[in-house]
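Here is a short briefing on how two chains meet. Look at the structure first, then read the points below.

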2 protein chains.
Amino acid sequence: MSLLLVAQHREMEPFKSAIQRADPNIEVEIWPSVKNRARVQFALAWHHPKNVFGQYPNLKVISSLGAGANHLLQDETIPHSIRFVRASTPSLASQMSDYVTLTALNLMRRTETYIKQQQKSIWKRHEAYPKKEMTAGIMGLGKLGSIVARRLLHNGLNVCGWSKSKKKLNGVETFSESELHAFLSRTNMLICLLPLTKETEGILDLKIMKQLKKPSFLINVGRGGHLVEEDLVYALDTGRLERAVLDVFNTEPLPESHPFWGREKITITPHIASITHPDEVAGLIAENYKRLLSGMELLQEVDRQKGY
Amino acid sequence: MSLLLVAQHREMEPFKSAIQRADPNIEVEIWPSVKNRARVQFALAWHHPKNVFGQYPNLKVISSLGAGANHLLQDETIPHSIRFVRASTPSLASQMSDYVTLTALNLMRRTETYIKQQQKSIWKRHEAYPKKEMTAGIMGLGKLGSIVARRLLHNGLNVCGWSKSKKKLNGVETFSESELHAFLSRTNMLICLLPLTKETEGILDLKIMKQLKKPSFLINVGRGGHLVEEDLVYALDTGRLERAVLDVFNTEPLPESHPFWGREKITITPHIASITHPDEVAGLIAENYKRLLSGMELLQEVDRQKGY
């Protein structure tokens, strides 16, 4: 039996080493040079090429290399019998909380303006957006969203949250699916942490941006597919939105010709809000692999029907 | 009796309005067009011109417009009989905590690198400095320093602190004056929150920078006089220090010709870490003014001998 690592644009050797440090008995193969396809029962996948998984007759489980599984869910070439798991570690939530916190504070304190002023030797103060009057609104209050919400609270921000079913979270004003408008009208800084599903695709559109409390900001750390790109540009150009910070894009790496690069009101980071490091995730992968082999319940299994 | 507002490079009308909202009976004058000098008993000063206070025969108290009083302490033209108070509000500590937090997170997550990459349409990831392995070291663990330390702890950083007399602070490894080397050798990110006194002037020198744990960073939110500028440049050029973030300078505004502006490894912000807003401070000023008139103990009085 073996465990297969499949990824494009990412070096997989460190993951192999880390998994074998976690359990030296696990046989690990790295795509594309696979010695024995029939032995593969478990795969770890990130940005995998289409049609790759049909070639492994005994493959039973694919693990995402992170909290999101939409790259697996959206690939219709993956046989329906194959089960999906995610690999969400405490470090992912901590990194995400750091990223959202620094982004929210940078927006309020105009960090980017000062960095650009320095390039022109300009000493000029700007009013900060007063924290007491600003509310961060988190879309997606699952495990990750709740951790991010708590961190923002610790940093003195007003926080509200929106999720399919209404959550209870100390200090956070929460809203259910049907209360979207109330949630948006309370929110200055919209933070998208949703999973990407058929229902949430394109959810960040002009209609939603128009309902935000002014001054309004957008932070997308969900997936590129959540955002309607032309609506964002329109909202920024018409002053409906002050700024947007984007860590995820429809096409990654973001093509050099993409108009977002040159926009003064858009901040781009190269999908670094939360990165899975080999040693942090190896134990979980090894655990799920052994659970599969011994017929135990898998950790962090994804419901392929529900899509999350 | 009247209260005088004295400042250069800052509009004082909003402070007059705010003080009179706090107490409509207070007579407020704004330098330089003062109607009756003999009536002035209390002054509020920020970047005041030298020799200005000798002209008010009945002046008894000068309040700083912020937490620092060194601009008063260093002015030898101020008669020795005049008492000093500071005007430190909860908002100043909260703003400072925000600034130090966002700066520490930005350094670890390389925010500035990504902003500059975007200007060249470059999509490239960099390893973040791992938070678990990084320790923030705060110089100056007074009221303000303790609040900042707590906030960094809430954001998951390792924190240690150094102060004249050893402090006890939950979760923070503290060091006393004589333990400076131990403190520095534990610290990656040195955060200067000291008052500027004769003993602390020029404290941020090459000797100190050399003792920091690598990778090393400097955040100066104390006063420009704490830093030996040429030592900073040398430490950055020789790779002893990775980056420095400076909010305070010997001369403010920082002259356009200053070599710091163009340095890739120095981030400059225009003394905005913590700004006193009129309405947040007006109540405290009015209170101290009335305490003076009624002979009560002043709030936040500065010991002119000790210098803080």
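In this predicted model, a salt bridge joins the side chains of B:Lys131 and A:Asp98, at 2.9 Å from N to O. A salt bridge here is a side-chain nitrogen of Lys or Arg within 4 Å of a carboxyl oxygen of Asp or Glu. Between chain A and chain B the count is two salt bridges.

**The interface**

- 45 residues of chain A are in contact with 45 residues of chain B (contact means heavy atoms within 4.5 Å).
- The area buried between the two chains is about 4000 Å², and carbon and sulfur atoms give 58% of that. Buried area is the accessible area (1.4 Å probe) that two parts lose on being put together, summed over both.
- In chain A, the residues that lose the most area to chain B are A:Arg109, A:Gln118 and A:Trp123, together 21% of what that side buries.

- B:Asp247 sits in the loop between strand E11 (243–246) and strand E12 (266–268) of chain B. Strands (E, at least two residues) are DSSP runs, numbered from the N terminus.
- B:Asp247 is buried (under 20% relative accessible area, 1.4 Å probe, protein chains only).
- B:Asp247 has no salt bridge; A:Arg109, the nearest side chain of opposite charge, is 7.0 Å away. Lys and Arg count as positive, Asp and Glu as negative; His and the chain ends are not counted.

**How to read this**

- Residues are numbered from 1 along each chain as its sequence is written, and chains are lettered from A in the order in which they are written.
- Local features need pLDDT of at least 70, and side-chain atom pairs count only at pLDDT 80 or more; side-chain values use heavy atoms, with hydrogens and water left out.

Key
Helix = DSSP H or I, 4+ residues; strand = E, 2+ residues; numbered from the N terminus. Buried < 20%, exposed > 50% of the residue type's maximum accessible area, 1.4 Å probe, protein only.
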